[in-house]
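Here is a short walk through one protein model. Keep the sequence and the 3D view side by side as you read.

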Amino acid sequence: MKNWKLRNKDFSQLGGNMNNIDEKIGLNIKEASRLMGINEKLMSELTHIKGFPCIKFKRRIVINRLKLQEWFDKNSGRYF
């Protein structure tokens, strides 16, 4: 518990709230869908596309926020 409190203090010294999606490097399906302006089902389907910037840990999917913008730019105009 002591280490958690120390880490929590370190995060607070960065001057932000770690729950803010603008500060996270990894997003869950819900956060990424809100960021992209699409529904969660469609975001979940996108994670099955080869080359989509995500990591799958059993049932948990983490989407790379910075790479998501690059992927979107690269695939704009393409139909899936």
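The secondary structure of this protein comes to four helices and three strands. Helices (H or I, at least four residues) and strands (E, at least two) are DSSP runs, numbered from the N terminus. From that end on, the elements run α-β-α-α-β-β-α. The model is predicted: local features need pLDDT of at least 70, side-chain atom pairs count only at pLDDT 80 or more, and totals for chains, interfaces and linings use all residues. Residues are numbered from 1 along each chain as its sequence is written, and side-chain values use heavy atoms, with hydrogens and water left out.

Of the 80 residues, 21% count as buried. Buried means under 20% relative accessible area, exposed over 50%, and partly exposed in between (1.4 Å probe, protein chains only). Contact means heavy atoms within 4.5 Å. Among the contacts with a separation of 6 or more, 35% come from residues 24 or more positions apart.

Begin with helix 2, residues 29-36. Asn28 caps its N-terminal end. There, a side-chain oxygen of Asn28 lies 3.1 Å from the backbone nitrogen of Lys30. Such a polar contact is a pair of N or O atoms within 3.5 Å; within protein, one must be able to donate a hydrogen and the other to accept it, and residues adjacent in sequence count only if both atoms are side-chain atoms. Look at Glu31 in particular. Glu31 counts as buried because its relative accessibility is 11%. Its side chain joins that of Lys24 in a polar contact of 2.9 Å. Just after helix 2, Gly37 takes a positive phi of about 80°.

Next comes the loop between helix 3 and strand 2, where Thr47 lies. Is Thr47 buried or exposed? At 3% relative accessibility, Thr47 counts as buried. A polar atom of the Thr47 side chain lies 2.5 Å from the backbone oxygen of Ser44. Leave aside the neighbours within four places in sequence. Thr47 is then in contact with Ile29, Phe52, Cys54, Lys56, Ile61 and Ile63.

Phe52 leads on to the aromatic rings. Rings of Phe, Tyr and Trp (its six-membered ring) pair if their centres lie within 6.5 Å; planes under 30 degrees apart count as stacked, over 60 as edge-to-face and the rest as tilted. By this rule the count comes to one aromatic pair. Phe52 and Trp71 form that pair, which is edge-to-face, with 4.8 Å centre to centre and 75° between the planes. The pair links distant parts of the chain, 19 residues apart: Phe52 is in the loop between helix 3 (40-46) and strand 2, and Trp71 is in helix 4. Both Phe52 and Trp71 are buried.

Between strand 2 (54-57) and strand 3 (60-64), the loop holds Lys58. Phi of Lys58 is near 55°, a positive value in a residue other than glycine. Most residues other than glycine have a negative phi. Lys58 counts as exposed because its relative accessibility is 87%.

Now turn to helix 4. At its start, a side-chain oxygen of Asn64 reaches to within 3.0 Å of the backbone nitrogen of Leu66. The buried residues of helix 4 are Leu68, Trp71 and Asn75. Seen down the axis of helix 4, these buried residues fall within an arc of 65°, so they line one face of the helix. The arc is that of the directions from the helix axis to the C-beta atoms. What covers these buried residues includes helix 2, helix 3 and strand 3. On the other side of helix 4, Leu66 and Lys74 are exposed. Phe72, also in helix 4 (residues 65-75), counts as partly exposed because its relative accessibility is 39%. Just after helix 4, Gly77 takes a positive phi of about 90°.

Finish with the lining of the largest pocket. Helix 4 gives the most to this lining, with three residues. Helix 3 and helix 4 each supply at least two of the lining residues. A pocket, on a 1 Å grid over the protein atoms alone, is an open set of points where a 1.4 Å probe fits, with protein on both sides within 12 Å along at least five of seven lines; lining residues have an atom within 4 Å of a point. Trp71, Phe72 and Asn75 are among the lining residues.
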